[in-house]
Protein chains: 2
Amino acid sequence: MNNDQLPSVLPETDRTRHRRLREQGSLDRAQLDAVLEAGFVCHLGVVVDGVPMVVPTVYGSDGRHLYFHGSVASRSLVASPGAAVCVTVTHVDGLVLARSVFEHGVNYRSAMVYGVPRLVTDPEEKLAGLRRLTEQATPGQWDYARQPNRKELAATALLALSLEEASVKIRTGAPDDGDGPDAALGIWAGVLPLKPTWGAPEADPLLPAGIAPPPHITARGGA
Amino acid sequence: MNNDQLPSVLPETDRTRHRRLREQGSLDRAQLDAVLEAGFVCHLGVVVDGVPMVVPTVYGSDGRHLYFHGSVASRSLVASPGAAVCVTVTHVDGLVLARSVFEHGVNYRSAMVYGVPRLVTDPEEKLAGLRRLTEQATPGQWDYARQPNRKELAATALLALSLEEASVKIRTGAPDDGDGPDAALGIWAGVLPLKPTWGAPEADPLLPAGIAPPPHITARGGA
């Protein structure tokens, strides 16, 4: 993490100001970093011919940039360099089950990053960004697998989005109608937690016998 | 499911045509329905002042429409009626760990729906849409919790997005480099599955003693 040149409090802009449910909003950079580091799939929003397009894609973050990639031919990426994007990362942590339907909600952590992505052309940054992207999804994998060769690097467009303008929204805890009139209804209320769970690694059917999954994979997967 | 008026094959438009990785694309409406029904949080893309904005929000789907809601005052919803949106629903099913970093990827199911949402004003459709939205996240909850009153309904904006223009992308199975030159490297390759797991229900600390979670909640949660 090398974010000493970015302020620890995110700037409040017209886009990142939290207008509603302020208690859920945060401009704390540490919270932004935590939300980004906890995931590896984001939703990239671009405008194509005046219409929004929201594409799921993998990313990596290093406290200064969010890196995402794709084929040089990909449609949403072609639209990105020079054009504004919004990248959103969301973790759904549970259902908030209140006494009333109206107070139902979701516990979540979400980050929205705004900016104009930069096409990464410096070979060193490109390798570092791709490494970050690979490691964020699967720590230990970059040094284990075969790293990209020249041809593969040339076929990959890596984009860097600065983490300068971003906002975070987080909701945790119980429903909000526990001290209102609905509390007398005798309806159960609480949270049903949800979390992503890794399963046991499934070997490629084409894998020759005798090649075991490496510890960085088995340590993560389930029974 | 009442989708007899929508064609079983989704129309191929300039936006829904699959340009890359065609094997992953589908215009099969049954697959679209399945992807939508498997989730309850979508990423809503809107254009605000020419800039994309991607907001996570809960939704419900009934085979004809995708319903999403929010406060009447919400910024992204204000921009939505009359304006084009893209709603994307993504399920991440696992990491595809290939021999080479370049062939790494994600197993996923994703749907993108394009269109101009319609503000639901008919009281019957509004109730039905909110019911669908509640039931999709928590089956059984609409009839268990207190349903919205007039004031709450008036404070809720419900939007309906027709499922006419949409596309689906799905990737399943092993990495693609099992029969290439990298197969000889002796590197383990396969899939690390990922799935959302419900935990045990956590009662609101303000809940009076003696109110047990209902069966539709306990049946879903973990031990």
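Which residues of helix α1 (residues 29-37) of chain A are buried? They are A:Leu32, A:Asp33, A:Val35 and A:Leu36. These residues cover an arc of only 165° around the axis, which puts them on the same side of α1(A). The arc is that of the directions from the helix axis to the C-beta atoms. A residue counts as buried if 20 or more other C-beta atoms lie within 10 Å of its own, as exposed if 12 or fewer do, and as partly exposed in between, with C-beta atoms placed from the backbone.

This is a predicted model, in which local features need pLDDT of at least 70 and side-chain atom pairs count only at pLDDT 80 or more, while totals for chains, interfaces and linings use all residues. Residues are numbered from 1 along each chain as its sequence is written, and chains are lettered from A and ligands numbered from 1 in the order in which they are written.

## Chain A and its helices

Chain A has six helices and eleven strands. Helices (H or I, at least four residues) and strands (E, at least two) are DSSP runs, numbered from the N terminus. Of the 223 residues of chain A, 41% count as buried. Two residues are in contact if their C-beta atoms, placed from the backbone, lie within 7 Å. Among the contacts in chain A between residues at least 6 apart in sequence, 70% join residues at least 24 apart.

Helix α3 (residues 123-137) of chain A contains 15 residues and reaches 22 Å from its first C-alpha to its last, close to the 21 Å expected at 1.5 Å a residue. The expected span is 1.5 Å times one less than the number of residues. Buried in α3(A) are A:Lys126, A:Gly129, A:Leu130, A:Leu133, A:Thr134, A:Gln136 and A:Ala137. They lie on the same side of α3(A), because they cover an arc of only 165° around the axis. An α-helix has 3.6 residues a turn, so residues three or four places apart point the same way.

## Strand pairing

Two strands pair if DSSP finds at least two bridges between them. The table lists pairs within and between the chains.

| Strands | Bridges | Sense |
|---|---|---|
| β5(A) and β10(A) | four bridges | antiparallel |
| β6(B) and β9(B) | seven bridges | antiparallel |
| β1(B) and β9(B) | two bridges | antiparallel |
| β10(A) and β10(B) | five bridges | antiparallel |
| β10(A) and β11(B) | two bridges | antiparallel |

Individual partners can be named for these pairs. A:Leu95 has A:Leu192 in β10(A) as its bridge partner. In β9(B), B:Ala166 is the partner of B:Val113, and B:Val168 stands opposite B:Ser26. Across the two chains, A:Leu194 is bridged to B:Trp198 in β10(B), and A:Val191 to B:Glu202 in β11(B).

Strand β5 (residues 85-97) of chain A also holds A:Asp93. With 18 other C-beta atoms within 10 Å, A:Asp93 is partly exposed. Not counting residues up to four places away in sequence, A:Asp93 touches A:Asn107, A:Tyr108, A:Arg109, A:Pro193 and A:Leu194. A:Trp142 is 49 residues from A:Asp93 in sequence and 29 Å from it in space, C-alpha to C-alpha.

## How the two chains meet

In the interface, 81 residues of chain B are in contact with 81 residues of chain A. Several elements of chain B each supply at least two residues of the side that touches chain A, including β2 (41-48), β3 (51-61), α3 (123-137) and β10 (190-198). The most comes from β10(B), with nine residues. The residues of this side of chain B divide into 50 nonpolar, 19 polar and twelve charged. Here Ala, Val, Leu, Ile, Met, Phe, Trp, Tyr, Cys and Pro count as nonpolar, Asp, Glu, Lys and Arg as charged, and the others, Gly among them, as polar.

A rotation of 180° with 0.0 Å of shift along its axis superposes chain B on chain A (RMSD 0.0 Å). That is the relation of a two-fold axis. In chain B, the C-alpha nearest the axis belongs to B:Pro196, 2.1 Å from it. The copies are superposed by least squares on the C-alpha atoms of residues with pLDDT of at least 70 in both. Because 100% of the interface residues of chain B are also interface residues in chain A, the copies meet through the same surface.
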